[in-house]
Amino acid sequence: MATPLPSNHRRWVLLLVAAQMLFILAVAAAGYATTAYGRVVTLRTLPVDPRDLLYGDYVRLNYTISQVPISLWQETTLPRRRQAVYVVLRPAGEAYEAVRVYAQEPTELPADQIVLRGWIEDRYRRSLHIRYNLERYYVPEGKGKELERKGRHHNMLVRVSIAPWGQARITEAQVLP
């Protein structure tokens, strides 16, 4: 027969379980808060491929703001791979476009502009390839190939909610006719 835990140990176990539950709730709340309090921007993209064996159907997205001219870089030293960057976006028709890229988050922007955090994936002679952690959009089982087939020769518009604290989340994706 197992001996009961001393009250000190029991408190620690309960504290650890409570901390884990709070962490899970905080992660879920952050996602909902991003959608609720975030500013929604629309980005133009093309779907690339649709399947992950562990997670199911998804569409890999290649945004127009993922490949930006190096002339948008606002710093004196060239960026490094995996460096965090801050991309300033502004509306341009039905989607937003990149207008500047910084190494530090800019403090003041015109009201129609917003900052999206990304990371330098690659630096080329005339352009920067930037990753935003928004490149995968998970869809219901069986819809990934259909969405890719529809979007293969058509652009897609993706709505992204960007929270005031910088977190971004895809809220909707649609194929343009």
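**Before you start**

You are looking at a predicted model, in which local features need pLDDT of at least 70 and side-chain atom pairs count only at pLDDT 80 or more, while totals for chains, interfaces and linings use all residues. Residue numbers run from 1 along each chain as its sequence is written, and side-chain values use heavy atoms, with hydrogens and water left out.

**Stop 1: the whole chain**

Show the cartoon first. The chain has two helices and eleven strands (DSSP runs numbered from the N terminus: helices are H or I with at least four residues, strands are E with at least two). Followed along the sequence, the pattern reads α-β-β-β-β-β-β-β-β-β-α-β-β.

Of the 177 residues, 36% count as buried (under 20% relative accessible area, with exposed over 50% and partly exposed in between; 1.4 Å probe, protein chains only). Among contacts between residues at least 6 apart in sequence, 63% join residues at least 24 apart; a contact means heavy atoms within 4.5 Å.

**Stop 2: the core**

Select Leu43, Leu89 and Ile130, the residues with the most contacts inside the largest nonpolar core, which has 29 residues. Such a core is a set of buried Ala, Val, Leu, Ile, Met, Phe, Trp, Tyr and Cys residues joined through side-chain atoms within 4.5 Å. Strands that each supply at least two of its residues include β1 (39-47), β5 (84-92) and β7 (114-123). The largest share, four residues, comes from β10.

Zoom in on Leu43. Beyond residues up to four places away in sequence, Leu43 touches, among others, Tyr63, Leu89, Leu116, Met156 and Val160. A second, separate core has five residues, including Val88, Val99, Tyr102 and Val115.

**Stop 3**

Go to Leu89 in strand β5. Is Leu89 buried or exposed? Leu89 is buried, at a relative accessible area of 0%. Setting aside neighbours within four places in sequence, its contacts include Leu43, Ile65, Tyr96, Asp112 and Leu116. Try the distance tool on Leu89 and Leu116: they are 27 residues apart in sequence and 7.3 Å apart in space, C-alpha to C-alpha.

Next, select Gln83, in the loop between β4 (67-69) and β5. Gln83 is also buried, with a relative accessible area of 12%.

**Stop 4: the pockets**

On a 1 Å grid over the protein atoms alone, a pocket is an open set of points where a 1.4 Å probe fits, with protein on both sides within 12 Å along at least five of seven lines; lining residues have an atom within 4 Å of a point.

For the largest pocket, select Glu105, Val115, Ala163, Pro164 and Gly166, which lie nearest its centre among 13 lining residues. Its volume is about 230 Å³, and β7 gives the most to the lining, with three residues.

Finish at the second largest pocket, with about 160 Å³ of space (points are joined across faces, edges and corners, and the volume is the space filled by probe spheres set on them). Its lining includes Asn133, Tyr137, Arg169 and Ile170.
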